[in-house]
Amino acid sequence: MKYQSVLSMFLLFVVIPVWIGVIWVNFLRIKDRAEAFFMAWITGIVTMFAVGQIVLVPLIAAEATLTLAVSVIKMLYTLLAVISFYLLLEHIFGCSLEAEKKQARRMNAADEKKSVFTAVFGVAAAVLIFLQAFVPAYYQHIDDDDSRFVAEEVSAVVHDTMLKDDPISDRFMYWDMGETRKDLASPWTMYVAACCRIVNLAPAVFSHTLFPFFMIPICYAVFFLIGCILFRDDREKVFLFLIFLSVLLIWDYTSTHTSGSMLLLRIWQGKALVAGFFIPVLLLLFYRILQQRESVREMALLPVVSFAGSLVSGIGIVIVPILLAIYGLVDFIYYRNLKKTLAVWMSAAPCGIYLVYYLNGII
Amino acid sequence: MLTDCIAVWDNFKNFIGGRAGIFHWLLFCAAMLVLLFSGKRDRKLMFWPTVLVLLFFFNPFFYRFVGNRFLSGVYWRLMWMAPVGVITAYAAVRAVFRLNRSYLRAAAGALFIVCVIVTGERMYQQKTFQKAENIYKLPQAAIDVSDAIAAAGVNWKVRSVVPNELLCYVRQYRCDIGLFYGRNAGGFISDIGEDEKRVYEEMCKEEPDIETVTQLCKKNEVIFICFNRNTHRIPDDLDGYGYEHYRDVGVYRIFIKS
C-alpha cells in the first residue's frame, strides 16, 4: 500500500473533518479542548457525508460521471474549509489575550483535579480502542454483502459511471432498475467510490483495510462525548465507561446482527455505519438537546444528520426519522415546548423525501 | 395478531442470537432498572426514550403495517435504536462508583468485565478474522482466477461462470469480468433467470451435467467456464462441447469458448 494513500486517508478522515467541524464547534460554543476536538471530528464527518448525499443523488439521477461528482464534492469541501479558516482567524484575532489567559487558568485548575486512576483508565481505554481499530485493518473479515457494495464501487471507479453497471453481470443498466434502484436514495457505495478516487485506492483495499482503522475510533469519539454528558465531564468515569463499553462490544458476537458485530466486523458497509455511528451520534445530540427546556443550537445539526444518515443506507432513511419522532415526543412530554418538538420532528424532512422514493423502490 | 407477535419475537431472537444473547440482555434489563431508580435526569435522557424504542419494536401493529411490508426480513435492525451497550456500561460505572473504597471499586469493575466475558461471545475468533491473504482481503483464489481470465484479453467485458465459492469475490477485484450469475443465485441483489438457475444448479452438483452447462453457456454467450477440480468431477477437455481448456489455476480449471 502506498504511503501516499495512507496519508490521503488521514487527511480525508481526520484533518479535513476536524477542519470543517470547527464551524460547528464555533457555532455550538464548545470550550473544553478535548470535547471541541472530538465534536469537530464527528460533526465534520457528518457534514462531509451530508454534502455527499446532497451532491450524489441528483448527479446519479442525471447520469453524471463519477469524475464530475468527485469535483463537485471537492469544491464544496474546499468551500467549507475556507469558511472554517475564516472563523478560526476571527476567533484568534477577536479573542482578547486576558480572556485566553483566564480560560487557560480554568483549564489548568480542572486538570489538577485528575487522579491517577483517570490516567490509567484513559490509557487502558485508548489501548482497547486502538486494538479494535487495528484488528480489522490487519486481519481479514469476509462478508458476502460486499459482493454488491464493493462490486458497485469497483465499477464506478473503473468505468467512471454511477450505478449504471449491474454489480453481477456488469451489463449496462439504469439506476432505476433492480435492487440497486433503492441505492439512488442512499448512494453510500458511490460516496466510497468518490473517496477511493480521492485517495487513489482500490475499493476493496479502502473498505477492508483503511476505512475501519479510521472509522472505529470516530465511533468511539462519539461514545466519549456521550460519556462526557452522562458523567458531567468526570473523566475518570468517562474512561471507565469506554472500557466497559469496549468489553461489551468485543464480547457482543452473540449474532452477526448486533451493534457490536456491525461496528467491529464490517463498519465499511452503510448499514453498519447506521448502527455503529449514526445512532450514537443522534443519541449524543438528543442528550444535549434534552437537557435544555428551550431550543438549542445542537438542533441545527439534526437535519445535517438526516441527510448524512440517508447517504449510508436505506435503514438510515428509516431509523433516523423514527428516532427523531421518539426523542421529540420525550422532549415534549418533559418540556411541553411545541415549537422545539416541531423543530426536532421537522429535521426529519430530508429523510422523509428520500423515504418516499426508497419505499417506492422496494414495494 | 398472534402471528405478528410471534414474528416480532422471532426477529428479536434473531437479533440477539437466541440463547447466546440472553445474558447480555439480562444485564441490560438490570441496567434499565438502575436507571429507573437513579434520578430524573437518567430517566429523561435514557430510560423513557429506550422504553419508547422497545415499545415501537415490540408493537405487533407496527410490525403488521410497516415492519412486515417495508422491513421484511430486516425488522430486527430497528433494535439498533436501543442503546444496549451505552446503558449497560453507564449503569455499571454508576454502580461501581457507588462503592466508597477503591479496592471495592476495582473488584466490582473486574467482576462486571468477567461477567461480560464469560457470558458473551468474543468478536475476534478464527471464524470472523483470518490472516489477510492479500491487500484486497479477498480469497487469493478469486484474484488468481480473475487475473487468468483477464489475461486472455478476449474482450472488455467477458461473461464467466465460476464455482460457487468464488461467486461473491471476483467482481470485488475486477469489473471487467461479468458473471453469468452471482450472489443472486442465493436470492440476493436481483432476480435470476431460468438459464442461470439451471447452470447454477448443475454447478452445485459434484458431477455437473456438462452437456447442459455448456449448451446454456453457449446460448448466453458465456466465454469462460471455471470448475473446481477438487469438488467437481469433470472431463479433461470440453472440445466436443464447444469449449477448450484455457488454463489451470491451482485447483481451478478454466475453459474458454472455442
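Between chain A and chain B, 67 residues of chain B are in contact with 67 residues of chain A, contact being defined as C-beta atoms, placed from the backbone, within 7 Å. The model is predicted: local features need pLDDT of at least 70 and side-chain atom pairs count only at pLDDT 80 or more, while totals for chains, interfaces and linings use all residues. Residues are numbered from 1 along each chain as its sequence is written, and chains are lettered from A and ligands numbered from 1 in the order in which they are written.

On the side of chain B that touches chain A, at least two residues each come from several elements, including helix H1 (2-16), helix H3 (40-57), helix H6 (102-119) and helix H5 (84-96). Helices (H or I, at least four residues) and strands (E, at least two) are DSSP runs, numbered from the N terminus. H5(B) gives the most, with 9 residues. By class, this side of chain B has 42 nonpolar residues (Ala, Val, Leu, Ile, Met, Phe, Trp, Tyr, Cys and Pro), 10 charged (Asp, Glu, Lys and Arg) and 15 polar (the others, Gly among them).

Strand S1 (residues 139-140) of chain A and S1(B) run antiparallel and are joined by 2 bridges. In this pairing (at least two DSSP bridges between the strands), A:Tyr139 stands opposite B:Lys131.

Two loop residues of chain A remain. A:Glu63, in the loop between helix H2 (33-61) and helix H3 (66-94), is not a glycine, yet its phi is positive, near 55°. A:Arg336, in the loop between helix H13 (314-335) and helix H14 (338-346) of chain A, has a positive phi of about 50° and is likewise not a glycine.

Notes:
Two residues are in contact if their C-beta atoms, placed from the backbone, lie within 7 Å.
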